[in-house]
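Biologist: I have not seen this one before. Can you put it up and walk me through it?

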Amino acid sequence: MSSYNRRLFLLSAAALGVPLSGCGFEPVYGPTGAASGLLNKVLVDEPKARESFLLVRELEDRLGRPTAGADYGLSLALQLNERSIGRTVAQVTNRFDVIGSATYALRDLDTKEVRSSGKVSSFTSYSASGSTVSELAAQQDAYERLMVILADRIVAELQAAEVAQAS
């Protein structure tokens, strides 16, 4: 749609009295947004392995780290698998899927009540057709990408739950 057509549409809508604002939309991270209650208030459980460290790092990047006392605790359980998906004629695997799921529970630290819980899952892939060093780098990168995806999904579900509870 060209800018001319867009302007014409907006001017026509305004002339007809069609409300363009007031639809109830409010940014989640706005000053009074529902997710602002989570920012810098969630203490994520301590990671136990490299992959869980990556996931915690991504979650803290999105939710912030509590500076004073945390109001909520976030527990995580991570399950990871690899499977071969690409083979050459000589039956040599040259591609792998990294499949992961994370089960989470957000709990109020004062009342110990679980406010939100769920399970998210996704996968990434990497190529194993190069040298040993490049294969290892590709594998580590695939795990890092998977943790970014899982963190994004966890945060999105936590925000949706906060919005639903605020309504």
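What follows is a short chat about the fold, the sheet and the core.

Biologist: What kind of model is this?
Modeller: This is a predicted model.

Biologist: How many helices and strands does the chain have?
Modeller: There are three helices and four strands. Read from the N terminus, the order of elements is α-β-α-β-β-β-α.

Biologist: In what order do the strands sit in the sheet?
Modeller: The four strands make an open sheet in the order β1-β2-β3-β4, and the pairing is mixed.

Biologist: Which strands are at the edges?
Modeller: Those are β1 and β4. Each has a single partner strand, so one side of each has no neighbour in the sheet.

Biologist: And what is the twist from one strand to the next?
Modeller: The twist averages 25°.

Biologist: In which sense do β2 and β3 pair?
Modeller: β2 and β3 are antiparallel, with 15 bridges between them. As one example, tyrosine 72 has aspartate 108 in β3 as its bridge partner.

Biologist: Now the helices. Which strands does α2 touch?
Modeller: α2 packs on the sheet and touches β1, β2 and β3. The direction of α2 makes about 125° with that of β2.

Biologist: What about α3, which strands does that one lie across?
Modeller: α3 lies across β2, β3 and β4. Relative to β4, α3 runs at about 155°.

Biologist: Change of topic, the core. How many residues are in the largest nonpolar core?
Modeller: The largest nonpolar core has 27 residues. Those with the most contacts inside this core are Val42, Leu55, Leu59, Leu74, Ile154 and Leu158.

Biologist: Which elements supply at least two residues each?
Modeller: β1 (42–44), α2 (50–63), β2 (72–87), β3 (93–108), β4 (114–127) and α3 (132–166) each do.

Biologist: Which of them gives the most?
Modeller: α3 does, with nine residues.

Biologist: You listed Leu74. What does leucine 74 touch, leaving out residues up to four places away in sequence?
Modeller: Leucine 74 touches Val42, Leu43, Val44, Asp45, Leu59, Tyr104, Ala105, Leu106, Arg107 and Leu158.

Biologist: And over the chain, how many of the contacts join residues at least 24 apart?
Modeller: Counting contacts between residues at least 6 apart in sequence, 62% join residues at least 24 apart.

Biologist: Last bit. What share of the chain is buried?
Modeller: Of the 167 residues in the chain, 29% are buried. The chain exposes about 10,400 Å², and carbon and sulfur atoms supply 55% of that area.

Terms used
Residues are numbered from 1 along each chain as its sequence is written. This is a predicted model: local features need pLDDT of at least 70, side-chain atom pairs count only at pLDDT 80 or more; totals for chains, interfaces and linings use all residues. Side-chain values use heavy atoms; hydrogens and water are left out. Buried means under 20% relative accessible area, exposed over 50%, partly exposed in between (1.4 Å probe, protein chains only). Contact means heavy atoms within 4.5 Å. Accessible areas come from the Shrake-Rupley method with a 1.4 Å probe; for residues, only the protein chains shown count as cover. A nonpolar core is a set of buried Ala, Val, Leu, Ile, Met, Phe, Trp, Tyr and Cys residues joined through side-chain atoms within 4.5 Å. Two strands pair if DSSP finds at least two bridges between them. Axes are lines fitted to C-alpha atoms, for helices over the stretch in contact, and angles run from 0 to 180 degrees between N-to-C directions.
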